[in-house]
Amino acid sequence: MIGEKPVRQDPNAHVIQDFFHIPPPPNDWIHNLNFGRLLNSEVEIAPAIINGKVVLDQVCFSISTSKNAVNNMRKLIEENPTRKNWTLSIADANKWCECEFCIKETPTDSFLRFVNTIAEKFPDKTFYILAYFATQPPPQTVRPKKNINVIITTIDVPKDDPIQYGNRAEAIKFRNNLKDWIDCVGASRIMVWDYFSNFRHLLMPFPIWHTIGPNIRYYANLGINKFIMQTDGGPGHEFSEFKTRLISELMINPWRNVNRLIVDILIEIYGVHSAPSILKYMQTIEKEQIYGPGWLMNWGDPKEYQCEYLSKSKLQIYKEILSQACTLSQSTPYEMQNKLALLPILYTCIELGLPDIVDYDLFKKICQEYYSKTGETITLEEQHWTPWHEYLHNKGYE
Ligand SMILES: [Zn+2]
């Protein structure tokens with residue numbers, strides 16, 4: 001979910017309406033400074049040079065592509081004259097140019113130098129830049145123009161610890177960069193982009209629910225009130241409705257009692273009889289994951305955790321708990337929702353090829369039943385959007 005919701009209890013919050021109300025051309029709102037798609041147009045730009053080779057994944061911001069960029073920005077603004085907020089963000093790659101010019105300053109400095117040339121031409125517009133991988137640290141010498149806001153992301157931070165308490169290097173680096181950006185532009189010009197899903201396996205159990213409340217509260221306590229809280233909100237995805245609702249409520253009021261809120265939402269979605277089983281499952285799998293040696297990244301694979309919280313014996317325990325939730329909701333309005341809660345476990349068993357407990361027929365039956373009720377296909381991966389039957393076919397199950 002993008003932007004801000006109006007904070008009913010917080011008079012300081014406001015809504016970035018443009019992100020909602022004026023849809024940009026497809027895919028142009030983020031990573032729009034790709035090579036070959038600089039602001040959605042064909043302009044003469046230089047690709048990055050890494051290890052002496054041309055790399056098309058990222059743009060070299062050292063040379064003067066700004067004239068073309070400014071011209072195209074003007075064209076885009078003329079097409080959407082009432083739109084105030086725009087993004088100027090680097091390509092989706094953890095790479096940066098190493099040409100003779102770029103190595104003289106930090107990536108953020110060279111990027112900001114480029115962005116400033118655009119922002120100063122359109123002082124009545126606000127440009128959101130992406131602090132992402134190479135540009136996550138603030139600049140050392142170049143100062144952002146006053147109409148530049150910053151979207152800082154937690155892309156490389158492990159997700160199983162709340163941001164505030166994570167002691168791994170990436171978490172410490174992120175906190176330091178966030179505070180330095182606040183010193184650089186002020187909290188009111190910062191937007192935080194945090195992630196609460198596994199992009200590669202949208203149905204894989206990704207037990208990070210305990211971090212949602214502390215993270216949003218941490219950002220809010222720093223004075224930040226603009227968020228992109230990305231989760232798997234698609235049909236049938238792991239706790240899709242629960243996570244979307246929890247995040248929404250906490251963006252409205254970060255200081256709510258999170259444990260109480262979680263129980264209320266679970267009852268609302270899964271019914272009063274099944275909610276205790278769902279909660280028991282969440283607490284069980286979170287505990288297993290936290291005490292395991294591995295950590296959660298947004299692109300993890302079930303195989304990485306098959307000796308940890310996704311081991312065969314633990315999957316059997318989760319399956320039993322969630323099956324109980326299904327039984328308790330039979331013939332109630334909550335039946336389908338409880339069946340969907342079981343899908344991630346079935347999916348993981350299929351992914352791991354556990355012949356003893358794979359219940360392919362049940363997986364298929366739930367997907368078909370969901371489709372017959374809603375007409376919506378359950379997708380499994382962010383990148384490929386593979387329908388379940390195609391996926392299973394490729395895996396040799398059908
Ligand atoms: Zn360069």
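Two strands count as paired if DSSP finds at least two bridges between them; helices (H or I, at least four residues) and strands (E, at least two) are DSSP runs, numbered from the N terminus. Select strand 8 (residues 190-195) and strand 9: four bridges join them, and they run parallel. Click Val192, and you'll find its bridge partner in strand 9 is Phe227.

A word on what you're viewing: it's a predicted model, where local features need pLDDT of at least 70, side-chain atom pairs count only at pLDDT 80 or more, and totals for chains, interfaces and linings use all residues. Residues are numbered from 1 along each chain as its sequence is written.

Now widen the selection to the open sheet of five strands, order 5-6-7-8-9, with parallel pairing. Strand 5 (85-88) and strand 9 (227-230) are the edges, each pairing on one side only.

Next, helix 4 (residues 169-185): it lies across strand 6 (126-131), strand 7 (148-153) and strand 8, at about 175 degrees to strand 7. Axes here are lines fitted to C-alpha atoms, for helices over the stretch in contact, with angles from 0 to 180 degrees between N-to-C directions.

Then pick Phe127. Contact means C-beta atoms, placed from the backbone, within 7 Å. Leaving out residues up to four places away in sequence, Phe127 touches Trp86, Leu88, Val115, Ile118, Ala119, Asn147 and Ile148.

Last stop, the whole chain: select everything and you have 12 helices and nine strands. Of its 398 residues, 40% count as buried, meaning 20 or more other C-beta atoms within 10 Å of a residue's own.

Note on methods: Contact = placed C-beta atoms within 7 Å. Buried ≥ 20, exposed ≤ 12 C-beta atoms within 10 Å, placed from the backbone.
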